[in-house]
Amino acid sequence: MEETSSAATELDFMEKLGENLMKTGDTTAALEVFRAVVIKDPHRLSTVSAIYNNTHSLSEALVEEEEYHKTQEFKLYEKVCREELKRSPAEERHLRCRYYWGVDNAFVLSPFKIEEINEDPFVMLIHDMVTDEQIETIKRVSMPEMKRSTVRDDIVGGSKRRNYRISKNAWIEYSLHPHIEKLLHVLHYATGLETQFSEELQVANYGLGGHYEPHVDFYLTGVTEEYSNRISTSIFYLSDVEQGGATAFPYLKIAIKPNKGTVLFWYNLHRSLDGDYRTKHAGCPVLKGSKWIGNVWTHDRTQFAIRPCGLFRDYESSWEYMMVK
Ligand SMILES: O=C(O)CCC(=O)C(=O)O
Ligand SMILES: [Fe+2]
């Protein structure tokens, strides 16, 4: 429904009020105001999330990382990395391992080995999906291009180096080699997603102590029809890691150990295409060995055949995870 201009002004005002409450440090009150805004106009979820996240980090700009390290979220992340916090067998009992013949039964002769990791948000592992030959090619072409990783700055734009992400990475075009092209092709058959709407392959390498602290992969700002959001993440594990280096989801209590050739897949967005904050995840510190991964971020354009939207906006279920406590 179109907003009338007076409703818009009221919502603008409420957003400003929320922002000011954030600056005074009263995040609980701010969130209440933000929630009221989103209930009135769900389309404002992305602006409200951006205000929330921006103000949050701006107010802590100087000591941001130290402050973050004191939060419950960070403690949760550390526990999940150390495997001190896991789901109980009861919580996992509905999850299955199964063979999947792929879209159009195209892989009936060599079905995908799917291990369901979580139902909602959906997370799965696809075992033995990448061959050693493909992995060698990916490493060979990306090695000379590897540079210290940066992160996108949603506040002032651009990218910068941050201590919360210590690794090297390179962006590789799929068309560079048939082995790399095949990754996308197979990913389509395994997931049903139109993988032509994917970013270039991001190859990353973490050395000893390398890590990537909790974050979401979806964009908080800058999403347009032209540049859509990251509906899914697929992490191609290109090496094993002797110790540490799991991909951890603090709120889901899941830590996935890298296993060479396996792909970890999850949806970042709700069916309503709102960001799902339950998917916050991290690369735990590498304690021994070296970790290689390839990231494929597929965008949400024309994915409705495989993932139609629901009847209702479903962002509510992940709202509380937006706030870093
Ligand atoms: O290293 C990992 O396991 C996670 C990497 C990640 O989350 C990312 O590159 O966005
Ligand atoms: Fe990520």
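Visitor: Where is the place of lysine 253?

Guide: This is a predicted model: local features need pLDDT of at least 70, side-chain atom pairs count only at pLDDT 80 or more, and totals for chains, interfaces and linings use all residues. Residues are numbered from 1 along each chain as its sequence is written, chains are lettered from A and ligands numbered from 1 in the order in which they are written, and side-chain values use heavy atoms, leaving out hydrogens and water. Helices (H or I, at least four residues) and strands (E, at least two) are DSSP runs numbered from the N terminus. With those labels, lysine 253 goes in the loop between β13 and β14.

Visitor: Which residue forms a salt bridge with lysine 253?

Guide: A salt bridge here puts a side-chain nitrogen of Lys or Arg within 4 Å of a carboxyl oxygen of Asp or Glu. For lysine 253 the closest N and O atoms are 3.3 Å apart, and the partner is glutamate 91. The pair links distant parts of the chain, 162 residues apart: lysine 253 is in the loop between β13 (247-249) and β14 (254-256), and in helix α6 (residues 89-92) you'll find glutamate 91.

Visitor: Is lysine 253 buried, exposed or partly exposed?

Guide: Buried is under 20% relative accessible area, exposed is over 50%, and partly exposed is in between (1.4 Å probe, protein chains only). Lysine 253 has a relative accessible area of 25%, so it is partly exposed.

Visitor: What is the phi of lysine 253?

Guide: Lysine 253 isn't a glycine, yet its phi is positive. Glutamate 83, in the loop between α5 (72-81) and α6, also has a positive phi, of about 60°. For lysine 253, phi is near 60°.

Visitor: Which residue's side chain makes a polar contact with the side chain of serine 149?

Guide: Serine 149 is in the loop between β4 (147-148) and β5 (151-152), and its relative accessible area of 0% is why it counts as buried. Contact means heavy atoms within 4.5 Å, and leaving aside residues up to four places away in sequence, serine 149 touches Arg161, Arg165, Ser167, Lys168 and Asn169. A polar contact is a pair of N or O atoms within 3.5 Å; within protein, one must be able to donate a hydrogen and the other to accept it, and residues adjacent in sequence count only if both atoms are side-chain atoms. At 2.7 Å, the partner is asparagine 169.

Visitor: Which elements do the buried residues of α7 pack against?

Guide: Helix α7 covers residues 132-142, and its buried residues are Gln134, Ile135, Thr137, Ile138, Lys139, Val141 and Ser142. They pack against β8 (168-172), α8 (178-191), β9 (201-206), β11 and β18 (291-299).

Visitor: How many salt bridges does a search of the whole structure find?

Guide: One of them joins glutamate 10 and lysine 40 (2.9 Å, N to O). That pair links helix α1 (residues 5-24) to helix α2 (residues 27-40), 30 residues apart. Asp12, Glu15, Asp41 and Arg44 are linked in a network of salt bridges. The search's total is 19.

Visitor: Which residues form a nonpolar patch on the surface?

Guide: Patch members have over 30% relative accessible area and no salt bridge; like charges are joined within 9 Å, nonpolar side chains (Val, Leu, Ile, Met, Phe, Trp, Tyr) within 5 Å. Areas come from the Shrake-Rupley method with a 1.4 Å probe, and for residues only the protein chains shown count as cover. One member, leucine 109, is in the loop between β1 (97-100) and β2 (112-118), and its 83% relative accessibility is why it counts as exposed. Together the patch has about 360 Å² of accessible area, and its residues are Trp101, Val108 and Leu109.
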